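Welcome, and thanks for taking a look at this one with me. Below are some numbered notes to read alongside the picture.

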Amino acid sequence: MEPPSATSLPEAAAAELRLSVERAHRESAALDRLAGIWGLLLAKCCLAQAAIERWSLPLDGWIVVWSGSLALAALASLLYLRSHLGSLARVPAGFRVSTVLALALLVVALGAAHASVARGLLGPVALGALVSGLVGAHALVVAALRHRAEPLVGALLAWTAASLGLGAERPDQALLWAGAAFLGGLALPFLALARGASRA
């Protein structure tokens with residue numbers, strides 16, 4: 001019987017390492033899925049608000065569309081993260097960095113929305129282009145951290161939507177391009193990453 005290599009792990013430690021890596025991949029896929037679902041939700045809100053603006057529907061979109069959707073999604077996300085709090089510690093550092101960056105960009109986007117809606121400092125076209133650019137910046141950082149092509153394509157799609165949105169003549173057109181940025185720069189890349197991780 002050959003002695004074990006000096007660089008090899010004991011069988012129990014190797015099994016524990018494999019299990020930890022598998023858990024990390026499973027949790028990473030779950031976080032990617034959560035980010036993709038948020039992207040779909042934000043795209044839906046932008047498109048619904050665009051329809052309200054375009055056809056002058058007698059609805060307050062900020063109450064009917066945005067508040068309810070975001071409040072329920074935030075509550076569901078908090079419950080999900082709370083139930084996975086212990087296992088999320090195993091997620092690699094790159095995922096945590098991209099999550100912190102996403103939260104920072106969300107704060108910037110909310111501040112820009114407040115400047116636009118409450119104070120009138122930004123027009124809807126500029127706000128839509130700014131938010132689309134932030135989505136592209138986040139996707140680019142995720143692509144660099146994880147060495148994956150899907151977020152890079154998402155960054156290009158979001159920046160294309162931002163540049164096209166700058167040429168919008170009406171608020172509903174700006175909202176359509178912002179929705180396209182959320183769909184192409186956040187929802188589709190992260191759902192593709194989650195599907196790839198699940199297959200692996």
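1. A word on terms first: a residue is called buried when its relative accessible area is under 20%, exposed when that value is over 50%, and partly exposed in between. Please also keep in mind that this is a predicted model.

2. Now try the term on a residue. Is Ser69 buried or exposed? Its relative accessible area is 15%, so Ser69 counts as buried. You will find Ser69 in helix α2, which covers residues 61-83. Its side chain comes to 2.8 Å from the backbone oxygen of Val65. Beyond neighbours within four places in sequence, Ser69 is in contact with Leu41, Lys44 and Cys45.

3. Stepping back to the whole chain, there are seven helices and zero strands. Read from the N terminus, the order of elements is α-α-α-α-α-α-α. Of the 200 residues in the chain, 37% are buried. The accessible surface amounts to about 11,700 Å², and carbon and sulfur atoms account for 70% of that surface. Taking contacts between residues at least 6 apart in sequence, 71% join residues at least 24 apart.

4. Next, the interior. In soluble globular proteins, nonpolar side chains tend to be buried together. Here the largest nonpolar core has 24 residues, and Trp66, Phe182 and Phe190 have the most contacts inside it. At least two residues of this core come from each of α1, α2, α4, α5, α6 and α7. Leaving out neighbours within four places in sequence, Trp66 is in contact with Leu42, Cys45, Cys46, Gln49 and Gly61.

5. Which residues of α6 are buried? They are Pro151, Gly154, Ala155, Ala158, Ala161, Ala162 and Gly165. Viewed down the axis of α6, these buried residues fall within an arc of 130 degrees, so they line one face of the helix.

6. For an example of residues from separate parts of the chain, look at Leu105 in helix α4. Leu105 has a relative accessible area of 17% and is therefore buried. Apart from residues up to four places away in sequence, Leu105 touches Leu134 and His138. Leu105 and Ala137 are 32 residues apart along the chain, yet their C-alpha atoms are separated by 8.9 Å.

7. The loop between α1 and α2 deserves a visit too. Ser56 is found in this loop and has a positive phi of about 50 degrees although it is not a glycine. With a relative accessible area of 62%, Ser56 is exposed. Asp60 is found in the loop between α1 and α2 as well, but at 39% relative accessibility Asp60 counts as partly exposed. From C-alpha to C-alpha, Asp60 is 9.1 Å from Gln49, and the two are 11 residues apart in sequence.

8. Last, please check the loop between α5 and α6, where His147 is placed. What is the phi of His147? Phi is near 55 degrees, a positive value in a residue other than glycine. His147 counts as exposed, at 71% relative accessibility.

Methods:
Residues numbered from 1 in each chain as written. Predicted model: local features only at pLDDT ≥ 70, side-chain atom pairs only at ≥ 80, totals over all residues. Heavy atoms only, no water. Buried < 20%, exposed > 50% of the residue type's maximum accessible area, 1.4 Å probe, protein only. Helix = DSSP H or I, 4+ residues; strand = E, 2+ residues; numbered from the N terminus. Arc of directions from axis to C-beta. Contact = heavy atoms within 4.5 Å. Areas by Shrake-Rupley, 256 points an atom, 1.4 Å probe, with all protein chains shown as cover. Polar contact = N/O pair within 3.5 Å; in protein donor to acceptor, adjacent residues only side chain to side chain. Core = buried A, V, L, I, M, F, W, Y, C linked by side-chain atoms within 4.5 Å.
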